[in-house]
Amino acid sequence: MNIPPVILNAGRKHTATLVFLHGLGDTGMGWAGALNTIKPDYLKVICPTAPMIPVSINGGMAMPAWYDIMSLDENDKLREDSTGVQESVNYLVNVVNGELRHNIHPDRVIIGGFSQGGAVSLRTALTSGIKFGGCIGLSCYLPGDIEDISVPAKSIETPVLQAHGDSDEVVSYARGTKTSDVLQKYFSNHKFITYKGMGHEGTLEELQDVKKFIETCCPE
C-alpha cells in the first residue's frame, strides 16, 4: 500500500510548489520537518514516500526506494535499475502535472531530493523536456550510464542547485563532481556547492542555501 505524501500547505496564497523526494529507506516525513523551517509562506511542499520494493544491496529486503540498486560499485554502469528510475521519473512528472489543478504550472514547481531522490530529480530535469522552476540535487548523482543519456535539448533552462559534502561516505564526492561536469554541459544555469567535512547528510548551512535557491527561482 502506498503511503500518502506529506503536504505542507502554503500559509497564504499558493503560487509555487516544491516536490522533494527522500533518500533510500526513508519516508516523506524524513525531510518535511526541515523543509517546513525554510519554506516561504507562498510555497506548498509535497514530500512523497517511495513504494516498498526489494533492494538488492540490502539482500532483497523491501524498503521505501525509488528504484533498485544492484551494486555499490560506482563504476558499474548497471548499478541502478534503469526501468525503476524511469518509473520514478514518470511519477515525479505526474505529481508536477497534478499541480496544474491548482493553477501552478511546471515553471513554478521546483523538483528536488536527497541521495536517491535527488538522482530521480536530476534525471527528470535532464530528460523530461519540461522547464521546471528549479531542480535541487543534494548528495546525489545521475543514475545509470551518464555517458549514454538521451537529452532533448542542448541548453536546458531549468536552474539547478547541486550540493555535496566532500566527506560523503555513501555517495562519493567524486561521483558528485562527475555528475556536475555532465550537468554543466546541458544546463545553462547550474550551481555546484561543496560543504567541507559534510558526510551523507543535510546541514543548516545547506538548508539556508536551499532556501535562497527557492526564493530566487520562484519568488513571490
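Q: Why is Phe-192 called partly exposed?
A: Phe-192 has a relative accessible area of 22%, and since buried means under 20% and exposed over 50%, with partly exposed in between (1.4 Å probe, protein chains only), Phe-192 counts as partly exposed. This is a predicted model, in which local features need pLDDT of at least 70 and side-chain atom pairs count only at pLDDT 80 or more, while totals for chains, interfaces and linings use all residues. Residues are numbered from 1 along each chain as its sequence is written, and side-chain values use heavy atoms, with hydrogens and water left out.

Q: What makes Tyr-173 partly exposed?
A: The relative accessibility of Tyr-173 is 27%, and it therefore counts as partly exposed.

Q: Why is the pair of Trp-31 and Phe-114 called tilted?
A: Rings of Phe, Tyr and Trp (its six-membered ring) pair if their centres lie within 6.5 Å, and planes under 30 degrees apart count as stacked, over 60 as edge-to-face and the rest as tilted. The ring centres of Trp-31 and Phe-114 are 5.3 Å apart and their planes stand at 40°, so this pair is tilted. Both Trp-31 and Phe-114 are buried.

Q: What makes the pair of Tyr-173 and Phe-192 tilted?
A: With centres 6.1 Å apart and planes at 45°, the rings of Tyr-173 and Phe-192 form a pair that is therefore tilted.

Q: How do you know that Arg-175 lies over the face of Tyr-141?
A: A charge sits over a ring if NZ of Lys or CZ of Arg is within 6 Å of the ring centre and within 35 degrees of the ring normal; Arg-175 lies over the face of Tyr-141 at 4.0 Å from the ring centre, and Arg-79 lies over the face of Tyr-141 at 5.6 Å.
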